[in-house]
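Let's take a walk through a protein model together.

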Amino acid sequence: MTTFAAPTEPLVRIRGLTTVLNGKTIFDALDLDIPRGKVTAIMGPSGTGKTTLLKHVTGQMRGDAGQVLVDGQDVPELSREKLFALREKIGYLFQNSALLTDFDVFENVAFPLRQHTQLPEVLIRNIVLTKLQAVGLRGAAGLMPAELSGGMARRVALARAIVFDPMLILYDEPFVGLDPIALSQVLKLIRTLNETLGITSVLVAHELEAIKQVADHVYLIANGKVVAQGDPKTIAEDGSPWTRQFFGGAIDGPVPFQYPADDYAQALGLAGARA
Amino acid sequence: MSAQPRRNVVTNALAQIGEAGLFLLTLLAAVPRSLRHVRETVRQLWFVGAMSLTIIMVCGLFVGMVLGLQLYYVLSIFGGTAASGTVVAIAIYRELGPVVTALLFAGRAGTSVTAEIGLMRATDQLAAMEMMAVDPIAYVAVPRYLAGLIAMPLLCAVFCALGIFGGHLVGVTWLGIDNGTFWSNMTATVDVWKDVVNGILVKSLAFGAVVSLIAVYQGYTTPPTSEGVAYATTRTVVASSIAILALDFVLTAFLM
Ligand SMILES: Nc1ncnc2c1ncn2[C@@H]1O[C@H](COP(=O)(O)OP(=O)(O)OP(=O)(O)O)[C@@H](O)[C@H]1O
Ligand SMILES: [Mg+2]
């Protein structure tokens, strides 16, 4: 990939990240770069640690070893003040939306603005309505989160994540629960944010077809490592056993389908019968 | 967690008290940072204070009425119904006002604070605030804690006023104790500092500090599940009730 030889430093540089949770190795000396101004997709089997990886990038979790550099700063080493200052420049779309149930849609999107700026009300209103329009929900500004459908809640969360026009946006499964119209709208939005404002985007998603339309680069993570990477349009045909199995949907192969467990026959009490 | 040493009931309770104490230090340290969120504190004061007014007023009235009734029967045996105003006022200011208000507050406002914070944790709202560079301790925990602290003495004052009104209603208006005797005996024996200030201010501030701490702490540290939130809500009521009554004994012993 020529784009990866670009002169600028990658915005996110992960080196040798090792994380063990409850005795399970989630990351095993993981190396990964997120280039500036590009859309990078991260794929991998469920439970492989994609959400956990995003949490490392934002400092919500810390690894046991290794470096996570965001814009040149080592995230695990940052003080709380510095971390918060960094987070103001990062938009994060939660896998489960995580809207504030106390506030209506408008106030949810306005929340980061109200907390971090002294902007006049007119300006806040304009920014919020612009973002809501971009996700097609300007008309829903007065609804409470409990009155939204799952897909609508995700689009509101998306509007909230981009309200600051951050330098980096992390989307955790942005396409889940979207109908085809909303999906192409969100795809267009991600593309526009990237092209017009140069925002670096990281997408965690399972939908290869959608990823093909927006992402410049895709990483496939399994067993705590990057097992394949490349152009999303061609990665499925790169011939490696990982991609062949993952994109082909085969249950048997190098990508584990089962959560690590003890012997199946033994668990069912059949061990004696076999012996 | 299996890695932790096994605890019995006593060590578990002591460990919880210690953790709650540390949590209090975190809260106090965040008070300066939460000054930016004054509006949130006022909003919470409305939720925990104003919304508890009805139950406090109704209960205060009935407690005072029952007190007036019981005292009338007991005191009339000795022909001493004139003392009824004094006893109603002292019982309410010193004990019933602060204690019953605190117990009602724990059930009405403490539980809702615990459940609300617990659900915010379970639905990732606290994590979302962290991600938006808003400190949930300063934005969520401290305003609710301060609101409880401020609301308690105010509610207690309302409770006391309604209690004495209730005692007067039954004793004077219905059972015929002389109005002038009722009030003059009361004003002659009730001491502003010893009874009113100690009760409404000292005791109920202490109760407010403890009940709010328990409510916020239980909500903040609950496991993020529906079961966890349910247990935390129950624990708020149980722990608050025990703490209020135990603390009441200690405070009474020192203040009287
Ligand atoms: N707080 C935690 N404590 C212990 N283990 C955890 C914790 N959070 C996640 N895990 C474990 O880390 C692994 C990765 O979880 P993660 O949520 O990152 O998966 P994911 O790749 O996002 O999956 P999905 O596609 O289903 O969202 C899982 O095996 C999970 O059991
Ligand atoms: Mg996930």
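A residue counts as buried when its relative accessible area is under 20%, as exposed when that area is over 50%, and as partly exposed in between, using a 1.4 Å probe and protein chains only. Before we use these words, please note that this is a predicted model, in which local features need pLDDT of at least 70, side-chain atom pairs count only at pLDDT 80 or more, and totals for chains, interfaces and linings use all residues. Residues are numbered from 1 along each chain as its sequence is written, chains are lettered from A and ligands numbered from 1 in the order in which they are written, and side-chain values use heavy atoms, with hydrogens and water left out.

Let's begin with A:D33, which counts as buried because its relative accessibility is 18%. Which residue does A:D33 meet in a salt bridge? The partner is A:R15, at 3.1 Å from N to O; a salt bridge here is a side-chain nitrogen of Lys or Arg within 4 Å of a carboxyl oxygen of Asp or Glu. Side chains of opposite charge can pair when their charged atoms come close. A:D33 sits in strand β2 (residues 24-34) of chain A and A:R15 in strand β1, so their pairing ties together parts that are 18 residues apart in sequence. Helices (H or I, at least four residues) and strands (E, at least two) are DSSP runs, numbered from the N terminus.

A:T19 is buried, with a relative accessible area of 2%. The side chain of A:T19 makes a polar contact of 3.0 Å with that of A:H56. A polar contact is a pair of N or O atoms within 3.5 Å; within protein, one must be able to donate a hydrogen and the other to accept it, and residues adjacent in sequence count only if both atoms are side-chain atoms. Beyond four places in sequence, the residues in contact with A:T19 include A:K24, A:F27 and A:D64, where contact means heavy atoms within 4.5 Å.

Now look for ligand 1. Of the 15 residues around ligand 1, the nearest are A:K24, A:S46, A:K50, A:T51 and A:T52; a residue counts as near if one of its heavy atoms lies within 4 Å. How far is an oxygen atom of ligand 1 from an N or O atom in the side chain of A:S46? The distance is 2.5 Å. For the side chain of A:K50, the corresponding distance is 2.8 Å, and a polar side-chain atom of A:H206 lies 3.4 Å from an oxygen atom of the ligand.

Further along chain A, helix α7 (residues 208-214) holds A:I211. Is A:I211 buried or exposed? A:I211 counts as buried, because its relative accessibility is 0%. Leaving aside neighbours within four places in sequence, A:I211 is in contact with A:A41, A:M43, A:A205 and A:P232.

Next, turn to the place where the chains meet. The contact takes 19 residues from chain B and 21 residues from chain A. About 1800 Å² is buried between them, with carbon and sulfur atoms giving 56%; this buried area is the accessible area (1.4 Å probe) that two parts lose on being put together, summed over both. Four salt bridges cross the interface. In a salt bridge between A:D102 and B:R43, the closest N and O atoms are 2.9 Å apart. On the side of chain B that touches chain A, α5 and α6 (136-174) each supply at least two residues, and α5(B) gives the largest share, six residues.

Finally, chain B has a salt bridge to explore within itself, joining B:E116 and B:R144 at 3.0 Å from N to O. This pair links distant parts of the chain, since B:E116 is in helix α4 and B:R144 in helix α6, 28 residues apart. B:E116 is partly exposed, at 24% relative accessibility, whereas B:R144 is buried, at 3%. Salt bridges that share partners also join A:R80, A:R87, B:R33, B:E130 and B:D135 into one network.
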